[in-house]
Amino acid sequence: MALETIDLQKDPYFMKNHLGGYECKLCLTLHNNEGSYLAHTQGKKHQSNLARRAAKEATDQPYMPLPQQVKVEPKKFVKIGRPGYKVTKERDPATGQQALLFQIDYPEIAESVTPRHRFMSAYEQKVQPPDKRWQYILFAAEPYETIAFKIPSREVDKTEDKFWTLWNKDTKQFFMQFAFRFDRISQHDEPPPPPPSAAAAMIRPTPVPPPMFLPPPF
């Protein structure tokens with residue numbers, strides 16, 4: 001009955017030798033027939049060796065290996081060169097702060113890609129000798145090459161009305177504008193001119209400049 005319910009061919013320790021007999025590879029014992037081998041597997045020696053082998057394997061591999069995680073390969077793009085750009089120097093008419101407006105053109109930008117930007121210190125880049133007087137602003141969008149602009153190493157005013165970005169999906173243009181904060185010991189910025197006197201305003205009124213810190217129209 002036992003031979004009918006147990007498939008000895010699936011037993012890793014069951015082996016038939018060249019003499020027609022049977023061997024137990026775990027206990028190194030010889031048997032004349034399958035029944036003898038099966039009786040051996042139920043005995044104390046075989047069971048003891050099975051327990052010893054299981055304990056050794058548990059010691060050699062104390063932890064179950066983690067399932068292999070599926071690696072998501074990043075999309076690879078063939079670079080097509082640098083994008084077109086335009087940089088405009090500006091000054092806030094209300095505060096006199098110096099500002100920069102960047103326009104980057106990405107007519108062949110890849111689908112579902114949004115342009116990115118970041119500020120980089122002079123000590124992060126490896127292209128030029130580091131100079132603490134300068135920092136860099138980088139723009140990236142696949143499949144274009146990343147471009148960088150060298151700007152003064154001054155604190156950027158990131159208040160909502162002084163710092164903004166805009167990605168125009170229709171024209172494929174990315175805009176970014178920011179102003180520099182005033183430096184106490186810096187001579188880069190000049191205070192805004194005093195308002196004209198009432199008499200001067202009556203003789204020759206000063207035109208009100210258009211607002212600078214607004215996103216360009218679509």
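This is a predicted model: local features need pLDDT of at least 70, side-chain atom pairs count only at pLDDT 80 or more; totals for chains, interfaces and linings use all residues.

**Exercise 1.** Decide how the rings of Phe 102 and Phe 178 are arranged, and find where the two residues sit.

*Solution.* Start with the total: there are 14 aromatic pairs in the structure. For Phe 102 and Phe 178, the ring centres lie 6.0 Å apart and the planes meet at 25 degrees. Planes under 30 degrees apart count as stacked, so this pair is stacked. Next, locate the partners: Phe 102 belongs to strand β5 (residues 98-105) and Phe 178 to strand β11 (residues 173-180), 76 residues apart. Finally, check burial: Phe 102 has a relative accessibility of 1% and counts as buried, and Phe 178 is buried at 0%.

**Exercise 2.** Work out the geometry of the pair Phe 139 and Phe 174.

*Solution.* The centres are 6.0 Å apart, with 65 degrees between the planes. An angle over 60 degrees counts as edge-to-face, and that is the label for Phe 139 and Phe 174. Phe 139 is in strand β7 (residues 134-140) and Phe 174 in strand β11, so the pair ties together parts 35 residues apart in sequence. Both residues are buried. One aromatic cluster includes Phe 102, Phe 139, Phe 174 and Phe 178.

**Exercise 3.** Describe the largest pocket and its lining.

*Solution.* Begin with the space: the largest pocket holds about 200 Å³. Its lining includes Met 120, Tyr 136, Thr 146 and Lys 150. Strands β7 and β8 (147-152) each contribute at least two lining residues. Sorted by type, the lining has 5 nonpolar, 3 polar and 1 charged.

Terms used: Residues are numbered from 1 along each chain as its sequence is written. Side-chain values use heavy atoms; hydrogens and water are left out. Rings of Phe, Tyr and Trp (its six-membered ring) pair if their centres lie within 6.5 Å; planes under 30 degrees apart count as stacked, over 60 as edge-to-face and the rest as tilted. Helices (H or I, at least four residues) and strands (E, at least two) are DSSP runs, numbered from the N terminus. Buried means under 20% relative accessible area, exposed over 50%, partly exposed in between (1.4 Å probe, protein chains only). On a 1 Å grid over the protein atoms alone, a cavity is a set of points where a 1.4 Å probe fits but cannot get out, and a pocket is an open set with protein on both sides within 12 Å along at least five of seven lines; lining residues have an atom within 4 Å of a point. Grid points are joined across faces, edges and corners, and a volume is the space filled by probe spheres set on the points. Ala, Val, Leu, Ile, Met, Phe, Trp, Tyr, Cys and Pro count as nonpolar, Asp, Glu, Lys and Arg as charged, and the others, Gly among them, as polar.
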